[in-house]
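Let's take a walk through this fold, one region at a time. Have the viewer open and follow along.

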Amino acid sequence: MSRSALVGNVTAMLEDAGFAVSDRCAIRPKSFDVAARRGEDLILVKILGNVDGFDGATGAEMRRLGTYLNATPFVIGLRTRDEDLKPGVVYFRHGVPVFNPDTAMDLFVENVPPLIYAAPGGLYVSIDSDILADEREKRGWSLGQLATELGVSRRTVSKYEDGMNASIEVAMALEDLFDAPLTSPVDVMDGAETVRDAEPTPEDPAVDPEDEGITAVLTRAGFDVHPTTRAPFKAVGEDTGEEESLLTGNSTFTKTAEKRARIMGSLGRVTLTRSVYFVDKAPKEEVDGTAIVERQEAESTRDGEELRELIRERTTPPEEHA
């Protein structure tokens with residue numbers, strides 16, 4: 001299957017699952033392919049045939065964007081160089097969950113979360129430690145008795161009851177012994193905050209020298225500006241005072257710039273943010289919902305509120321995208 005067909009299939013699956021999906025980010029380099037929203041859940045999705053192509057720099061950027069946009073990053077792929085990704089299994093690459101389209105279908109369409117995750121040494125599941133302890137005590141078994149049944153140490157059983165995860169083989173043996181479901185799903189959707197906080201957010205890249213002027217303008221206006229290196233936009237501006245984010249672009253107005261502005265407008269409708277593209281000379285005031293603002297115009301604003309008002313006049317309020 002070609003990558004283009006795979007992207008189309010995943011997009012159609014997300015739409016069937018009730019997500020509003022952005023246009024494809026068809027400009028390189030790109031850290032993700034589409035953004036999608038369903039209710040309060042916002043996801044950023046990278047779609048690959050071979051997930052070995054997902055590198056650390058892209059993973060870091062997706063995790064940063066997840067933090068700034070309150071989104072969960074995912075990679076949906078088919079295989080690694082050595083094997084196909086197994087259905088029902090969540091892998092992790094550079095701090096980002098990775099799974100195949102079948103697992104995505106179960107999660108998003110069927111609302112059946114995966115139970116298994118891959119880690120060094122094999123495949124593992126999360127044991128519900130409270131249920132395990134209750135089932136053991138209900139049968140009057142000591143830690144030692146259960147350890148003997150499982151062929152592990154008493155200390156290992158104690159760790160399971162303290163929350164340590166188990167191999168698939170041990171989990172199956174436990175469920176056979178107690179004839180009860182003991183596994184907990186991998187929390188990759190409802191636990192968006194946990195996914196984002198699993199590791200510290202990578203530091204922002206340095207500001208491109210070409211963007212320093214606009215970055216200074218936005219900073220004076222009260223935005224925390226987070227540069228990007230692989231997104232369709234140059235930066236995310238967090239307006240902490242109004243709890244509203246801004247996707248920004250900055251270049252000469254060309255056909256490529258206009259294409260970026262259209263993608264930014266589509267992303268804004270899904271991420272519920274405004275988007276603005278700064279140019280030397282503006283032939284129009286907006287492109288598909290993205291405000292087009294001349295740099296000199298932005299630099300001449302007297303204060304942050306005047307710049308915000310200028311952007312508001314040329315964009316749709318994020319809440320009206322919902």
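In which helix is the place of Ile214? Ile214 sits in helix 9, residues 212-220, where helices are DSSP runs of H or I with at least four residues, strands are E runs of at least two, and both are numbered from the N terminus. A word on the ground rules: this is a predicted model, where local features need pLDDT of at least 70 and side-chain atom pairs count only at pLDDT 80 or more, while totals for chains, interfaces and linings use all residues. Residues are numbered from 1 along each chain as its sequence is written, and side-chain values use heavy atoms, with hydrogens and water left out.

Back to Ile214. Ile214 counts as buried because its relative accessibility is 6%; the cut-offs are under 20% relative accessible area for buried, over 50% for exposed and partly exposed in between, with a 1.4 Å probe and protein chains only. Leaving aside neighbours within four places in sequence, Ile214 is in contact with Asn250, Phe278 and Arg295, contact meaning heavy atoms within 4.5 Å. Ile214 and Phe278 are 64 residues apart in sequence, yet their C-alpha atoms are 7.9 Å apart in space.

Now zoom out. The chain has 12 helices and 16 strands, and its C-alpha trace spans about 75 × 40 × 35 Å along the principal axes. Of the 322 residues in the chain, 49% are buried. Among contacts between residues at least 6 apart in sequence, 59% join residues at least 24 apart.

Tyr277 belongs to strand 14, residues 274-279, and counts as buried because its relative accessibility is 4%. Asn250 is 27 residues away along the chain, but the two C-alpha atoms are separated by 5.6 Å. Setting aside neighbours within four places in sequence, the contacts of Tyr277 include Gly249, Asn250 and Ser251, as well as Ala257, Arg260, Ala261 and Met264. Thr290, Ala291, Ile292 and Val293 are also among its contacts.

Strand 13, residues 244-250, holds Ser245. Ser245 counts as buried because its relative accessibility is 15%. With neighbours within four places in sequence left out, Ser245 is in contact with Tyr68, Leu69, Val236, Gly237, Glu238, Thr273 and Arg274.

Leu272 has a positive phi of about 60° although it is not a glycine. With a relative accessibility of 27%, Leu272 counts as partly exposed.

Next, a helix pair. Two packed helices are described by the angle between their axes and the distance between the axes. The axes of helix 5 (residues 143-150) and helix 7 (residues 168-178) come within 10 Å and cross at roughly 115°; axes here are lines fitted to C-alpha atoms over the stretch in contact, and angles run from 0 to 180 degrees between N-to-C directions. Helix 5 brings Leu146, Glu149 and Leu150 to the contact, and helix 7 brings Val170, Ala173, Leu174, Leu177 and Phe178. Those residues divide into 7 nonpolar, no polar and 1 charged, with Ala, Val, Leu, Ile, Met, Phe, Trp, Tyr, Cys and Pro counted as nonpolar, Asp, Glu, Lys and Arg as charged, and the others, Gly among them, as polar.

In the loop between helix 7 and strand 10 (183-184) you'll find Asp179. Asp179 is another non-glycine with a positive phi, about 50°. Its relative accessible area is 70%, so Asp179 is exposed.

The peptide bond from Arg28 to Pro29 is cis, with omega near -10°. Asp23 is found in the loop between strand 1 and strand 2 too, and counts as partly exposed at 42% relative accessibility. Not counting residues up to four places away in sequence, Asp23 touches Asp33, Val34 and Ser266. The C-alpha atoms of Asp23 and Asp33, 10 residues apart along the chain, are separated by 8.5 Å.
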